[in-house]
Amino acid sequence: MDNEVTLESLTADEMRMITSDWDTTNRRRFELIEKKTSGSITPEQGVELAHLQKLVGVIRSEGLRPFVEKLTSAQTCEKARRLYNTLEGCGNDLAPYSWQWLKDHLESCESCRTKIQLPS
Ligand SMILES: [Zn+2]
């Protein structure tokens, strides 16, 4: 009953969610993950989160390099460096969302991975 989401099965809305609206989609995903972690997630939000996680699975699947590359565009890398500088420069803690975003970006961006060493 747990249907696999594939590129072919994506609706136009879902396609937009993982391309041009990815930032918004991902932010929402982390909000829901935080709710789930703190135990305050509603059943409806649980369903929404499962859906978003499937979309992430599509992004990470081998056949979708173009989308992954879109996520690692120059603008995105600049954002990653900005976050990293905040982390490094002032010793400020990043918001959980930003922190997770940065980790996700490094996971998919080889170029940044060579320049940014996250504290463990
Ligand atoms: Zn990058």
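Which residues of H2 are buried? In this predicted model, they are Asn26, Arg29 and Leu32. These residues cover an arc of only 120 degrees around the axis, which puts them on the same side of H2. The other side of H2 holds exposed residues: Asp23, Thr24 and Ser38. Cover for the buried residues comes from elements that include helix H3 (43–60) and helix H6 (96–108).

Now take the length of helix H2. It runs over residues 22–38, which is 17 residues. At 1.5 Å a residue, H2 should span 24 Å. Just after H2 comes Gly39, with a positive phi of about 80 degrees.

Next, the core. The largest nonpolar core has five residues: Ala80, Trp101, Leu102, Leu106 and Cys109. Helix H6 gives the most to this core, with three residues. Follow one core member, Leu106. Leaving aside residues up to four places away in sequence, Leu106 touches Cys112, Arg113, Ile116 and Leu118.

Arg81 and Ile116 are 35 residues apart in sequence, yet their C-alpha atoms are 7.7 Å apart in space. Arg81 sits in helix H5, residues 74–90. Is Arg81 buried or partly exposed? Burial takes 20 or more other C-beta atoms within 10 Å, and 12 or fewer make a residue exposed. Arg81 has 15 C-beta neighbours inside 10 Å, so this residue counts as partly exposed.

Methods. Residues are numbered from 1 along each chain as its sequence is written. This is a predicted model: local features need pLDDT of at least 70, side-chain atom pairs count only at pLDDT 80 or more; totals for chains, interfaces and linings use all residues. Helices (H or I, at least four residues) and strands (E, at least two) are DSSP runs, numbered from the N terminus. The expected span of a helix is 1.5 Å times one less than its number of residues. The arc is that of the directions from the helix axis to the C-beta atoms. Two residues are in contact if their C-beta atoms, placed from the backbone, lie within 7 Å. A nonpolar core is a set of buried Ala, Val, Leu, Ile, Met, Phe, Trp, Tyr and Cys residues joined through C-beta atoms within 7 Å.
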